[in-house]
Amino acid sequence: MGLGAGKFVERFDVVVIGAGGMGSAAAYYLAQDGRQVLLVEQFTVGHNRGSSHGGSRIIRHSYVEPEYATLAPHAFALWRQLQAESGVHRLLGDTGGLDFAPPDYPTLLGRMATLDNLGLPYRLYAQDDLARDYPQFRLPSGWVALHQADAGILSATRCVETLAAQAVKRGAVLREKSRVLAVQPDGAGVRVEIDGPAGRQRVLADRAVVAAGPWAGRFLDSLGITAGYAAPLRVTHQQLTYMEVFESARPLFAADRCPLYIGLPMPYFYGFSIWERPGQVKVAREVDGPAIDPDGERSVDANAVAEVEAWADETLVGVIPKAVSTEKCLYTLSPDGHFLIDRHPAHPQILLAAGFSGRGFKFVVTTGRLLADLAGSGPGDYSSPLWREIFRIDRFVTGQAQPSVDTANL
Ligand SMILES: Cc1cc2nc3c(=O)[nH]c(=O)nc-3n(C[C@H](O)[C@H](O)[C@H](O)COP(=O)(O)OP(=O)(O)OC[C@H]3O[C@@H](n4cnc5c(N)ncnc54)[C@H](O)[C@@H]3O)c2cc1C
């Protein structure tokens, strides 16, 4: 690897690869557990080339799969803890949330059934009631809206920056503009090759956590776990738009009056109250485009922007349905839509967290905590309350993989 003979080799308890949401959270909880942590990021914390940047992400309980619905209360609790401990305001905003759909739409019925089973509260709005309480929305005839008070907005970039800063405060070493070239087992530990501002460097550690987001596929390939264990991850380009709200309608789109919303039928549309930009709302549509290279250039899909504008024109009362700006982001889709969070099947000292399939941000904190739990326990120990069998990396060989039936990721 071009390392000079006798060059100083650093040692850590754990090396975390990637300081997006998942890696920053893992570093934070590992440092909290008293581990000596190195957090390595190829760009800088808060950069906008991956998946965890921007002003807003949805957090909610309403999922068809109980695995996620039961994880959500843990996520809310950990986000609130982080907010209190860091003193950073508006990491989490409690706006409530609305899911729009025809009354017999399977994802809607599935979400209601799961919320009923778990005793999580919600209210189903018929159109007239919705128009009275939330006149800023106009739904297609006959549609209903599932309202959850326990839903809100996470200020994504601010959350990641806070997690990384809190990790450093607790003793983690953060190395930015440093690309991990290879992670390899080295006896019971790991050897990590890094290319950074100081040149090439080799680090030894007891454990490695690979949280490389859209770049994770390369690590899965090089660690030999793509064939058989996990079919390839698919990275897709997503985009979102900002639109102006008429001055007179701004009170209705304020965070204390306007829940976040998801139109469930595919392709799903979603959006937020005024939050990160004064006088503007973020509105988006999922783009199911081709697989892309995360290092490639990405251009704006004008047709998809036009569709969001048409949808906003029909649905949002008081929003000027014209995109004033767009932003880009990447999804990393797993073959069944569920997360991959597990130990490497052959090298349990290497932990993997990938394939968050457009729905991972709310679970950044539970994933970070789970990774710290897995890193601190033995290979067969899955006793963490945050562990779910659907995260297993060997589910594709054991035939346990069940595609997600919840249509809207987020
Ligand atoms: C438009 C959009 C909307 C979304 N909305 C929601 C939502 O409303 N609710 C929700 O819960 N989720 C949502 N998500 C999904 C969520 O944001 C992601 O699941 C989550 O951010 C993934 O985080 P990550 O840490 O896995 O990836 P990333 O944030 O991309 O982090 C991976 C990091 O690893 C670094 N890295 C990669 N390779 C290397 C290397 N070799 N060396 C060093 N560093 C490396 C990268 O630079 C990057 O910083 C949305 C995603 C998008 C794109």
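In this predicted model, the side chain of K362 has an N or O atom 2.7 Å from an oxygen atom of the ligand.

| Residue | Protein atom | Ligand atom | Distance |
|---|---|---|---|
| K362 | side-chain N or O | oxygen | 2.7 Å |
| E41 | polar side-chain atom | oxygen | 2.6 Å |
| G358 | backbone N or O | nitrogen | 3.2 Å |

On its own the ligand has 1,000 Å² of accessible area, and the protein covers 97% of that area.

The shell around the ligand holds 36 residues, of which E41, H47, S52, C329 and K362 come nearest. By class, the shell is made up of 18 nonpolar, 13 polar and five charged residues. Several secondary-structure elements each give at least two residues to the shell: helix 1 (21-32), strand 3 (57-59), strand 10 (179-186), strand 13 (234-245) and strand 17 (319-333). The largest share, three residues, comes from strand 17.

Rolling a probe the size of a water molecule over the atoms shows where empty space is left. A search of the whole structure finds one cavity of 30 Å³ or more, and the volume of the largest cavity is about 30 Å³. Its lining consists of R60, S62, G97, L98, D99, L146, Q148, A151 and L260. Strand 5 (97-101) and strand 7 (144-148) are the elements that give two or more residues to this lining. Strand 5 has the largest share, with three residues. Sorted by class, the lining of the largest cavity has four nonpolar, three polar and two charged residues.

Two points of backbone geometry remain. Most residues other than glycine have a negative phi, and most peptide bonds are trans. The peptide bond from M266 to P267 is cis, with omega near -10°. P267 is in the loop that runs between strand 14 (260-263) and strand 15 (269-271). K177 is not a glycine, yet K177 has a positive phi of about 50°. This residue, K177, is in the loop between strand 9 (173-175) and strand 10. Strand 10 is also one of the elements that each supply at least two residues of the shell around the ligand.

Methods:
Residues are numbered from 1 along each chain as its sequence is written. This is a predicted model: local features need pLDDT of at least 70, side-chain atom pairs count only at pLDDT 80 or more; totals for chains, interfaces and linings use all residues. Side-chain values use heavy atoms; hydrogens and water are left out. On a 1 Å grid over the protein atoms alone, a cavity is a set of points where a 1.4 Å probe fits but cannot get out, and a pocket is an open set with protein on both sides within 12 Å along at least five of seven lines; lining residues have an atom within 4 Å of a point. Grid points are joined across faces, edges and corners, and a volume is the space filled by probe spheres set on the points. Helices (H or I, at least four residues) and strands (E, at least two) are DSSP runs, numbered from the N terminus. Ala, Val, Leu, Ile, Met, Phe, Trp, Tyr, Cys and Pro count as nonpolar, Asp, Glu, Lys and Arg as charged, and the others, Gly among them, as polar. A residue is near a molecule or strand if one of its heavy atoms lies within 4 Å of it. A polar contact is a pair of N or O atoms within 3.5 Å; within protein, one must be able to donate a hydrogen and the other to accept it, and residues adjacent in sequence count only if both atoms are side-chain atoms. Accessible areas come from the Shrake-Rupley method with a 1.4 Å probe; for residues, only the protein chains shown count as cover.
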